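Me: I have a new structure open and would like to learn how to read it. Could you take me through a few features, one at a time?

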Amino acid sequence: MMMPSPSAVPALLLLLILAFPLSGIAQDRAVDETPDLVVGIIVDQMRPDYLFRYWDHLGEGGLKRLATEGYLFRNGYFRQGQTSTGPGHAAQWTGATPAIHGLVGNSWYVRELDRSINVIEAVGSGFRGVGSQPDYDGEKGPVNMLTTTVGDELYLHTGHRSRTVGISRKDRGAILPAGHTGEAYWFEGSTGNFITSTFYRDELPEWLQTFNARNLPQEYLTAMWEPLHPIESYVESREDNNPYEGQTGGSTAFPFDLPGMMADGASPSLINTTPFGDQLLLELARAAIEGEGLGRGPVPDILSVALSATDAIGHRFGPGSKQMQDHIIRLDRYLADFFSYLDTEFGIENVLIFLTADHGGAYIPHYLRDLGIATGNPDNETHVNNRMLSAIGEFLEGRYGRDLLLASSNQNLFLDHAAMDELGLDPEQVRIELKRFVLGLDAVAGALTAENLTRTEYTLGPRAAMQHSWHQRRSGDVVVWLEPQTRSNTGTGGTGHGTPWVYDRHVPIIFMGHGIPAGQSMEPVYVSDIAPTVATFLNSPFPSGNIGQPLNDFLRAR
Ligand SMILES: [Zn+2]
């Protein structure tokens, strides 16, 4: 065997380096090396306990892979107390809270209009739906978001070369993560098509027209929704036929005869309340990556995938239901397929993936009540919020001779400022008296006035959370929140979220790919920390309203 000549040694070394790239070894990454693609997965209404509750039923390639191959933050929380989809899908990408990005709810009352507007409603803009039937889907765009997103900053940072695409079943789930400079596509339930708004473009891209023409929702709805495994093995869940849950397409328990419901005239929106809605969205994710060529250019791109089926199933059946268990088991499989697609297409070390949620969710209050657990829902019929509002109306009428309440929205009470002026009332005094009265009502846990919220900085518990949700122009005169385990409406037919309590604010935060080491952290961290973490991996500036901190645990290992 001949020894290589001295001059051939560098060439051999080069060959060795090419043959055995240092991919996946975090410490060896160049300081300026960025992932080709960021994939942010937001599971709507995913509680972190689902991961462990259903652990024994999960496969190796989905949620378990994230938790064991990736870096799992077990104590991830929302700072905000208004835990709903709109503000929840902005936190990951803005690093801000509603007090800063201004998205104080899924909708909020606007004094000038004397009505509520939707979080993605672009009032007076003239924007229309694109690809929708009949070519109208309301005036939609990200115009109410007051700050930039990770995608916006990356777009500016790269001389407009980076692209961000947001997809979701929900318009707000697609629009807010896409930021001001990205593209957003969402589901139109009446037609089964994914559509957009003239805010973004005047025609659907060709790849999306092709995707819509496949009619996948209609195809998926030709199958029954039955438990993937024998239902007797779902021992982690309560019995299926019970008085606490709502229904999907008229059925309250397994099996769900989706083809029968379609034959009876249901629209493709039926898919929203089944696991197949998420299967559809992950199929769209692949089409978007391929159609847009995401992650193939000289600079990184971003794809936000907001999966909404967990939310729809949670609202109807709640955490602890057989339906939720089956859904998470199926979602786990869909995610496994998607991760293996990313493996094949890019190599996981070239993709930065995170998975989190937009909020958690509450156990059904009257299920808890029947187990002897405290709740502010006294019975199934009492509409707790209506009861509170009529008591407030009577109080204001009796005290000031006029019902001064204009509106109640997102746990905020809006007083009639013109009427107070007319009556010569001091607004601060009215707010103090209203707060005192409200604090005496059944099921009310706390209240703060606008003065409290502007003069004091709260640091702990629901007061701090409600302050993070309060915006001086978009929020009300008095903020009220209900006791834990309390539903603001009647106590029947499912559950919800939106409170400052831990079950609504605690969510999973998991990172995987791009050389991130396996590990877990018990440190309390916030969803708003995701944006500066991702921006650090992208070497791009933080979003303009960011108050998050980069998650150092694995940045240190980088
Ligand atoms: Zn929801």
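Reply: Gladly! Keep in mind that this is a predicted model. Let's start with a pair of strands: strand E7 (residues 183-188) runs antiparallel to strand E8 (residues 193-197), and three bridges link the two.

Me: Which residue in E8 is the bridge partner of Phe187?

Reply: That is Phe194. Now step back to the whole sheet, which is open and has 10 strands with mixed pairing, in the order E5-E8-E7-E6-E9-E1-E10-E15-E2-E16.

Me: Which strands stand at the edges of the sheet?

Reply: Strand E5 (129-130) and strand E16 (519-526) do; each has a single partner strand, so one side of each lacks a neighbour in the sheet.

Me: How is the chain divided into domains?

Reply: The assignment gives domain 1 (31-364 + 500-555) and domain 2 (368-482). Their centres, taken over C-alpha atoms, are 32 Å apart. To the contact, domain 1 brings 26 residues and domain 2 brings 25.

Me: And how do I read the size of such an interface?

Reply: The usual idea is that interface size is often given as the accessible area lost when the parts come together. Here about 2,100 Å² is buried between domain 1 and domain 2, with carbon and sulfur atoms giving 53% of that area.

Me: How many salt bridges and polar contacts are there between domain 1 and domain 2?

Reply: There is one salt bridge between the two domains, along with 15 residue pairs in polar contact. On the side of domain 1 that touches domain 2, helix H5 (98-101) and strand E3 (107-110) are the elements that give two or more residues. The residues on that side comprise 13 nonpolar, 10 polar and three charged ones.

Note on methods. Residues numbered from 1 in each chain as written. Predicted model: local features only at pLDDT ≥ 70, side-chain atom pairs only at ≥ 80, totals over all residues. Heavy atoms only, no water. Domains from an automatic or database assignment. Contact = heavy atoms within 4.5 Å. Buried area = accessible area lost by both parts, 1.4 Å probe. Salt bridge = Lys/Arg side-chain N within 4 Å of Asp/Glu carboxyl O. Polar contact = N/O pair within 3.5 Å; in protein donor to acceptor, adjacent residues only side chain to side chain. Helix = DSSP H or I, 4+ residues; strand = E, 2+ residues; numbered from the N terminus. Nonpolar A, V, L, I, M, F, W, Y, C, P; charged D, E, K, R; others polar. Pairing = 2+ DSSP bridges.
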